[in-house]
Amino acid sequence: ILVGALVFLPAGTFNFMGGWLFMMLLFIPILIVGIFLFIKSPKLLEKRLDGKEKESTQKGVVALSGLMFLSGFTVAGLDFRFGWSSVPRMVTVIASVLFLVSYAIYAEVMRENAYLSRTVKVEEGQQVVDTGLYGIVRHPMYMATVLLFLMIPLVLGSWYALIAFAFYPAIIIVRLKDEEELLTRELSGYAEYKQRVKYRIIPFIW
């Protein structure tokens with residue numbers, strides 16, 4: 001309901017096809033993954049639903065992310081209402097495909113890492129995961145979310161909203177560096193893992 005309000009209220013109409021496309025791309029995969037986790041791994045589902053950060057830096061990251069979403073969805077809706085910009089249909093199609101690809105990466109990461117949580121913490125008995133995507137980049141989940149969030153304004157059909165969402169990589173870098181400090185300090189073997197896997201979220205670049 002909240003996401004729908006953020007998408008359609010600024011647009012001033014429910015006749016916003018980009019908004020409906022985004023809602024379907026967002027919630028149908030979430031529903032499928034949620035049902036699968038509820039059946040196969042309820043503990044992982046519980047961890048994914050726990051979004052209460054305890055670290056002050058991470059609380060700031062969550063707040064900035066919320067502001068980014070609020071401004072991005074508002075601009076996208078206003079862009080549709082007043083016709084500020086026009087995204088070619090093929091760009092929207094490609095963005096929609098990449099949006100689903102990011103969900104596929106997300107699902108694979110959850111399959112590989114049973115310790116995956118929405119909050120930054122180290123659990124008792126946690127071990128370093130270094131196989132699959134974790135053997136290519138240290139934070140494949142963030143790789144997926146960066147791709148997903150940068151596709152949102154293109155799915156919504158707004159070049160101006162892309163300006164707001166373009167801040168997300170900077171936000172995630174702050175979260176990532178703070179998380180790596182914690183993992184290096186508290187998770188046995190993580191310092192050695194960083195030496196083996198050099199790249200954080202973009203293979204062969206960073």
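The dialogue below takes a few labels and checks each against its criterion.

Tutor: Keep in mind that this is a predicted model. The protein has nine helices and zero strands, and 42% of its 206 residues are buried.

Student: Where is His139, and why is His139 called buried?

Tutor: His139 sits in the loop between helix 5 (89–112) and helix 6 (140–156). Its relative accessibility is 5%, and buried means under 20%, so His139 counts as buried.

Student: What makes the pairing of His139 with Glu180 a polar contact?

Tutor: The two side chains approach to 2.8 Å, and the cut-off for a pair of N or O atoms is within 3.5 Å. Leaving aside neighbours within four places in sequence, His139 also touches other residues, including Leu176, Tyr190 and Arg200.

Student: Which label does Leu37 get, buried or exposed, and why?

Tutor: Leu37 has a relative accessible area of 7%. The limit for buried is under 20%, so Leu37 is buried. Leu37 belongs to helix 2 (residues 17–40). Its C-alpha atom is separated by 9.5 Å from that of Met110, which is 73 residues apart from Leu37 along the chain.

Student: How many aromatic pairs are there, and why is the pair of Phe8 and Phe16 given its name?

Tutor: The structure holds 18 aromatic pairs. For Phe8 and Phe16 the ring centres are 6.2 Å apart, and pairing requires centres within 6.5 Å. Their planes stand at 85°, and over 60 degrees counts as edge-to-face, so this pair is edge-to-face. Phe8 and Phe16 are both buried.

Student: What makes Phe69 and Phe73 a stacked pair?

Tutor: Their centres lie 5.9 Å apart, with 20° between the planes. Planes under 30 degrees apart count as stacked. Both residues lie in helix 4, four residues apart, about one turn of the helix.

Student: Why do Phe69 and Phe73 carry the accessibility labels they do?

Tutor: Phe69 is at 22% relative accessibility, so it counts as partly exposed; that label covers the range between under 20% and over 50%. Phe73 is at 5%, so Phe73 counts as buried. Phe69 and Phe73 also belong to one aromatic cluster, whose members include Phe22, Phe99, Tyr103 and Tyr168.

Student: Which residues form the nonpolar patch on the surface?

Tutor: Phe82, Trp84, Tyr160, Ile163 and Phe167 form the patch, and together they have about 590 Å² of accessible area. Residues of a patch must have over 30% relative accessible area. Phe82 is part of helix 4 (residues 56–82).

Student: What is the phi of Phe204, and why is Phe204 called exposed?

Tutor: Phe204 has a positive phi of about 70° although it is not a glycine. Most residues other than glycine have a negative phi. Phe204 is found in the segment after helix 9 (190–196). Its relative accessibility is 69%, and exposed means over 50%, so Phe204 counts as exposed.

Student: How much of the accessible surface of the protein belongs to carbon and sulfur atoms?

Tutor: The accessible surface comes to about 11,600 Å², and 68% of that belongs to carbon and sulfur atoms.

How values were computed. Residues numbered from 1 in each chain as written. Predicted model: local features only at pLDDT ≥ 70, side-chain atom pairs only at ≥ 80, totals over all residues. Heavy atoms only, no water. Helix = DSSP H or I, 4+ residues; strand = E, 2+ residues; numbered from the N terminus. Buried < 20%, exposed > 50% of the residue type's maximum accessible area, 1.4 Å probe, protein only. Areas by Shrake-Rupley, 256 points an atom, 1.4 Å probe, with all protein chains shown as cover. Polar contact = N/O pair within 3.5 Å; in protein donor to acceptor, adjacent residues only side chain to side chain. Contact = heavy atoms within 4.5 Å. Patch = residues over 30% accessible without salt bridge, like charges linked within 9 Å, V, L, I, M, F, W, Y side chains within 5 Å. Salt bridge = Lys/Arg side-chain N within 4 Å of Asp/Glu carboxyl O. Phe/Tyr/Trp six-rings, centres within 6.5 Å; stacked < 30°, edge-to-face > 60°.
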